[in-house]
Amino acid sequence: MGKKRKHREAESDTNGSEANKEDAASERPKRTLLGWKEKPKENEDNATPGFRNKEKVLVTCSRRINFRYRHLMLNVVSLLPHCKKDNKVESKETKGATLNELVELRNCSSCLFFECRKHLDLYLWMAKCPNGPSVKFLVNAVHTMEELKLTGNHLKGSRPLLTFSANFSKDAHWMLLKEMLIQIFGIPKGHQKSKPYHDHVFAFSIVDDHIWFRNYQIAVPHNESDKVSRGSLEKMTLVEVGPRFCLNPIKIFGGSFGGPTLYENPFYVSPNQIRALQKKQKTGKYAKKVKAKTRRKMHELSNPLEPDEFADMWKE
């Protein structure tokens with residue numbers, strides 16, 4: 001049998017174990033999906049966090065949409081990596097409440113709603129949810145990437161440069177539209193689905209009170225003799241990628257998909273009125289033909305032909 005430890009030796013052992021615990025290495029930081037989670041420092045607690053753009057766009061369309069307009073919507077989805085595509089929504093009077101609820105459920109801040117009517121006309125709703133403002137456009141001159149067959153090609157998910165013509169600064173409603181286009185089409189910096197460089201340009205220009213959209217690739221020569229030095233834009237060229245479309249603003253509302261009207265386009269003519277005028281022109285053509293026939297008959301009766309002397313010459 002061994003001897004029992006004395007009381008002093010037991011106390012010294014306990015003090016030594018506490019010292020060893022203090023000298024031991026600190027715990028390793030916890031690992032998360034995004035990397036190692038470090039402990040916050042004292043100086044970083046008081047520092048103000050930097051601004052981070054958390055813009056997310058919900059892109060959806062109405063039911064019974066035409067195949068061509070659906071392809072346009074898919075082209076827009078491929079150009080915006082920070083967007084979320086959702087199922088079709090019924091285009092009724094209560095579509096505003098449905099879309100606002102969808103935007104809230106998908107944790108988005110903006111919405112692009114492609115509304116097709118009569119399988120002919122395409123309207124684009126561009127809204128900031130849930131407080132507004134929102135804009136309703138008529139989309140004309142639609143050309144998708146598939147039908148254009150252009151030579152340009154940029155990397156999917158790369159961030160674009162947004163360029164605007166000088167006309168956007170002349171009126172208040174154009175300035176509002178410019179700010180909405182910047183927030184919706186500008187891809188946030190550092191987004192997880194985007195590439196950290198620019199290789200294409202979104203061009204917005206105003207011609208005849210319409211907004212024309214073009215997408216160009218920034219082509220840079222890679223040969224050693226033609227290599228572009230930093231800051232020189234002489235050898236850079238722009239090659240169009242697509243799609244193309246034209247936006248005719250109809251109304252600007254103060255709320256999301258409704259509310260007080262801030263601006264109304266006085267030069268807007270609906271496609272239904274244009275088709276009605278074309279039908280009237282066609283009916284006018286038939287009326288003109290009938291009037292021309294009656295005038296010809298009256299002219300023949302008033303101006304009879306003289307009898308022909310040789311009309312019965314070859315009769316037996």
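This is a predicted model: local features need pLDDT of at least 70, side-chain atom pairs count only at pLDDT 80 or more; totals for chains, interfaces and linings use all residues.
Me: Which residues line the largest cavity?
Reply: The lining is made of Leu72, Val76, Leu112, Phe114, Leu124, Val139, Phe185, Phe245 and Leu247. Helix H3 (67-79), E5 and strand E12 (244-255) are the elements that each give two or more residues to this lining.

Me: What makes the lining residues of the largest cavity count as nonpolar, polar or charged?
Reply: Val, Leu and Phe belong to the nonpolar class. The lining therefore divides into nine nonpolar, no polar and no charged residues.

Me: Why is the other space called a pocket, and what is the volume of the largest pocket?
Reply: A pocket is an open set of points, whereas a probe in a cavity cannot get out. The largest pocket has a volume of about 300 Å³. Of the 15 residues lining the largest pocket, Arg52, Glu55, Lys56, His191 and Gln192 are the closest to its centre.

Me: How do the lining residues of the largest pocket divide by class?
Reply: The lining has three nonpolar, five polar and seven charged residues. Arg, Glu and Lys count as charged, so Arg52, Glu55 and Lys56 fall in that class.

Me: Which residues of helix H4 are called buried, and what makes them so?
Reply: Buried means under 20% relative accessible area. In H4 (residues 95-105), Lys95, Gly96, Leu99, Leu102 and Val103 are the buried residues.

Me: How do you know that they line one face of H4?
Reply: Looking down the axis of H4, its buried residues fall within an arc of 125°, so they line one face of the helix. On the other side, Ala97, Glu101, Glu104 and Leu105 are exposed, a word kept for values over 50%.

Me: What covers the buried residues of H4, and what comes just after the helix?
Reply: The cover includes strand E3 (57-61), strand E5 (110-117) and strand E6 (121-128). Just after H4, asparagine 107 takes a positive phi of about 60°.

Me: How much of the whole chain counts as buried?
Reply: Of its 316 residues, 33% count as buried. The chain has seven helices and 13 strands, and exposes about 23,000 Å², with carbon and sulfur atoms supplying 52% of that area.

Notes. Residues are numbered from 1 along each chain as its sequence is written. Side-chain values use heavy atoms; hydrogens and water are left out. Helices (H or I, at least four residues) and strands (E, at least two) are DSSP runs, numbered from the N terminus. Buried means under 20% relative accessible area, exposed over 50%, partly exposed in between (1.4 Å probe, protein chains only). Accessible areas come from the Shrake-Rupley method with a 1.4 Å probe; for residues, only the protein chains shown count as cover. The arc is that of the directions from the helix axis to the C-beta atoms. Contact means heavy atoms within 4.5 Å. On a 1 Å grid over the protein atoms alone, a cavity is a set of points where a 1.4 Å probe fits but cannot get out, and a pocket is an open set with protein on both sides within 12 Å along at least five of seven lines; lining residues have an atom within 4 Å of a point. Grid points are joined across faces, edges and corners, and a volume is the space filled by probe spheres set on the points.
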